[in-house]
Amino acid sequence: MLLQRSPTVHGWENFELQMKIHFPRFAWRKMKFSRVLFLVAISVAFAGGVTIKSLVFPAETATSYVEMTPLKPLNLKAFTLCMRVATELSGNREVILFAYRTVHCDELNVWREKDGRLSFYLCKDGVIFQVPELGALQTHLCVTWDSSSGAAALFMDGRKSVTKIYQKGHAVRSEGKVILGQDPDSYLGRYDAKQSFVGEISDVNMWDFVLSDSNIKDIFAKKRVQRANIFDWETTQLRLVGNVEVVNYDL
């Protein structure tokens, strides 16, 4: 179903009006929003364009984060994880970019290390990549890993790093929580402000297999590829806690 632009109603009013038309039994007028909310990062077509949600973390805190609800359990022997990210944090400071924690360990964490290198960790010591540092200009970032071969790689703006062998035979376990903005030091929390993310994150997508290099280049170029089956940014449910703002931008 494609929602068309109304000639007299714009923005949210247009979306709400069309949803009433298509789904008249839904009580749209009763919707109320709180500071801690569930947000579906849906894209809406307006006159041929696409508007997508972006998350802004404006300040260093130990209390602000976004929890993502996966489309299926994270029982993973391979994955591709992509996002668009921008941050002005610099200096001798770790920055968490993505955190998946179970009762057992940090099942999958993606970091900017203190020296600016990028890395990801599957419970044990991580695999680290010497790549250009993140900055205020948006970077499209992907990490890929396959348990059968141990092949791990990082992509920045469609360009692939050297392949490294990491955690061959390992499996990522399910029944955890995925957090943007903080690194939980335990399953239920314990956040460190000095590791928190400050900046903007959007277009977070995850597949339970390794995408081809050409598909990752297409995602960077904002072309359509196979929909993500773990986290699909257009439909994934998000829960915002604390000082996190949602803005819209056009693809």
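Biologist: Leaving aside its neighbours within four places in sequence, which residues is N248 in contact with?
Modeller: N248 is in contact with T51, I52 and K53, where contact means heavy atoms within 4.5 Å. This is a predicted model, in which local features need pLDDT of at least 70 and side-chain atom pairs count only at pLDDT 80 or more, while totals for chains, interfaces and linings use all residues. Residues are numbered from 1 along each chain as its sequence is written, and side-chain values use heavy atoms, with hydrogens and water left out.

Biologist: Thanks! What joins the side chains of N248 and K53?
Modeller: A polar contact of 3.2 Å. That term stands for a pair of N or O atoms within 3.5 Å; within protein, one must be able to donate a hydrogen and the other to accept it, and residues adjacent in sequence count only if both atoms are side-chain atoms.

Biologist: And where is N248 found?
Modeller: In strand β17, residues 245-250. Strands (E, at least two residues) and helices (H or I, at least four) are DSSP runs, numbered from the N terminus. N248 is also 5.9 Å from S54 in space, C-alpha to C-alpha, though the two are 194 residues apart in sequence.

Biologist: Is N248 buried, exposed or partly exposed?
Modeller: Partly exposed, with a relative accessible area of 48%. Buried means under 20%, exposed over 50%, and partly exposed in between, using a 1.4 Å probe and protein chains only.

Biologist: Let's switch to rings. How many aromatic pairs are there in the whole structure?
Modeller: A search finds seven. Rings of Phe, Tyr and Trp (its six-membered ring) pair if their centres lie within 6.5 Å; planes under 30 degrees apart count as stacked, over 60 as edge-to-face and the rest as tilted. One of the pairs is F57 with F197, edge-to-face at 5.6 Å centre to centre, with 90 degrees between the planes.

Biologist: Which parts does that pair tie together?
Modeller: F57 lies in strand β3 (residues 49-57) and F197 in the loop between β14 (177-180) and β15 (199-207), so the pair ties together parts that are 140 residues apart in sequence. Both F57 and F197 are buried.

Biologist: Why is the pair of F120 and Y166 called edge-to-face?
Modeller: Because the ring centres of F120 and Y166 are 5.7 Å apart and the planes are at 85 degrees. This pair links distant parts of the chain, with F120 in strand β8 (residues 118-121) and Y166 in the loop between β13 (164-165) and β14, 46 residues apart.

Biologist: Now charges. How many salt bridges does the structure hold?
Modeller: It holds 11, each a side-chain nitrogen of Lys or Arg within 4 Å of a carboxyl oxygen of Asp or Glu. Among them is D208 with K72, whose closest N and O atoms are 3.0 Å apart. D208 is partly exposed at 25% relative accessibility, and K72 is partly exposed at 33%.

Biologist: What about E234 and R224, how far apart are the closest N and O atoms there?
Modeller: They are 2.6 Å apart in that salt bridge. E234 counts as buried at 14% relative accessibility, whereas R224 counts as exposed at 57%. Salt bridges that share partners join R224, R227, D232 and E234 into one network.
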